[in-house]
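Reader: I would like to learn how to read salt bridges in a model. Please start from the general idea and then turn to the case at hand.

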Amino acid sequence: MEAACPGCQFFTTHVLAPVLQEPGMADIMDLRIIPAGNAEIKEDEETKEESIDCQHGEAECEGNKILACLEQQVEQNVFHSPSPDEASKQYGKTALFMPTMSCIEEHASVIDSPFNFLSNITAVEMIRNNADICMKDHAIDVQAINQCSQSDQGTSMLRAAIQETQDLKPKLEYAPWVVVDGAPLKEDAYRSDLKILFDVDLLLVQLEGVHLQGLLGTPAGSV
């Protein structure tokens with residue numbers, strides 16, 4: 001997963017979110033998003049100091065940390081879902097995380113646009129501001145997520161996500177790289193009718209315990 005990567009945005013908003021809104025789908029999936037993609041940990045040849053290099057720049061790193069903190073704190077039940085609402089009906093057990101992530105991806109941008117320049121705001125600040133709006137709209141504690149993402153904890157989580165991505169088997173090849181029960185979907189991950197892969201000749205009970213692992217990002221060196 002790469003925050004604000006065009007391929008990630010398309011997959012999240014046009015494929016993953018609609019699939020999870022299908023009746024019963026969210027409750028039979030173990031959704032795991034690993035926000036790193038093509039990010040790397042590099043070492044300076046002279047100083048030997050390490051730094052994180054994200055494919056689309058510093059703003060993407062910031063977005064990745066926000067998503068990592070959001071997913072972790074939702075999993076740890078830091079936030080408690082209110083009484084059943086529309087999101088709960090649509091997204092099941094992913095009702096807190098998925099609509100918030102989808103909103104962040106839909107509105108995120110890592111480009112220093114003319115608007116950013118004229119408004120004296122950086123791409124990092126823009127992605128933070130957009131994420132804040134999405135989290136507030138979905139009853140997420142913005143302060144808790146920002147304390148995580150803007151601290152050593154957020155950096156450590158991004159490092160861990162990078163390592164987990166690099167250790168993935170089968171290896172990440174291109175975006176989106178989605179693995180279901182150990183098998184990559186490859187180009188099928190872009191299908192807007194992805195649910196057909198689960199529905200045809202399958203009973204929902206057969207999918208109990210399915211593991212959906214999303215590793216999204218464009219191939220290194222491309223947009």
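Author: A salt bridge is a side-chain nitrogen of Lys or Arg within 4 Å of a carboxyl oxygen of Asp or Glu. This is a predicted model, where local features need pLDDT of at least 70 and side-chain atom pairs count only at pLDDT 80 or more, while totals for chains, interfaces and linings use all residues. Residues are numbered from 1 along each chain as its sequence is written, and side-chain values use heavy atoms, with hydrogens and water left out.

Reader: How many salt bridges does a search of the whole structure find?

Author: The search finds seven. One of them joins Glu164 and Arg32, with the closest N and O atoms 2.9 Å apart. Glu164 is in helix 8 (residues 152–166) and Arg32 in strand 1 (residues 29–33), 132 residues apart. Helices (H or I, at least four residues) and strands (E, at least two) are DSSP runs, numbered from the N terminus.

Reader: Which parts of the chain do Arg128 and Glu62 link?

Author: Their side chains meet in a salt bridge at 3.0 Å, N to O. This pair links helix 6 (residues 123–137), which holds Arg128, to helix 2 (residues 58–75), which holds Glu62, 66 residues apart.

Reader: Is Glu62 buried or exposed?

Author: Buried means under 20% relative accessible area, exposed over 50%, and partly exposed in between (1.4 Å probe, protein chains only). Glu62, at 5%, counts as buried, whereas Arg128, at 26%, is partly exposed.

Reader: Which residues do salt bridges with shared partners join into one network?

Author: Arg32, Glu71 and Glu164 form that network.
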